Amino acid sequence: YALMAGVPARRIGWVSKTGEILDETLRCPRTGEQYILTADGILEPAKQ
């Protein structure tokens, strides 16, 4: 999930399914779920 701000809106970060802001490791601090950024610029849960 993209974290958006401003007018016009622009992406300023990424958020996990639980609403936690992700850092550069793209790991949720609450659940430990890992995310990956695809070549298309889409954030997806990493396959376990």
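Let's start at Cys28: apart from its neighbours within four places in sequence, Cys28 is in contact (heavy atoms within 4.5 Å) with Ser16, Thr18, Glu20, Leu22, Glu33 and Tyr35. Keep in mind that this is a predicted model, in which local features need pLDDT of at least 70 and side-chain atom pairs count only at pLDDT 80 or more, while totals for chains, interfaces and linings use all residues. Residues are numbered from 1 along each chain as its sequence is written, and side-chain values use heavy atoms, with hydrogens and water left out.

Cys28 also belongs to the largest nonpolar core, together with Trp14, Leu22, Leu26, Tyr35 and Leu43, 6 residues in total. Such a core is a set of buried Ala, Val, Leu, Ile, Met, Phe, Trp, Tyr and Cys residues joined through side-chain atoms within 4.5 Å; buried means under 20% relative accessible area with a 1.4 Å probe, protein chains only.

Two strands count as paired if DSSP finds at least two bridges between them.

Strand β1 (residues 2-5) pairs with β2 (residues 10-15) over 4 bridges, and Leu3 has Gly13 in β2 as its bridge partner. Their hairpin has 4 residues between the strands, and Gly6 in the turn has a positive phi of about 95 degrees.

Definitions and conventions:
Buried means under 20% relative accessible area, exposed over 50%, partly exposed in between (1.4 Å probe, protein chains only). Helices (H or I, at least four residues) and strands (E, at least two) are DSSP runs, numbered from the N terminus.
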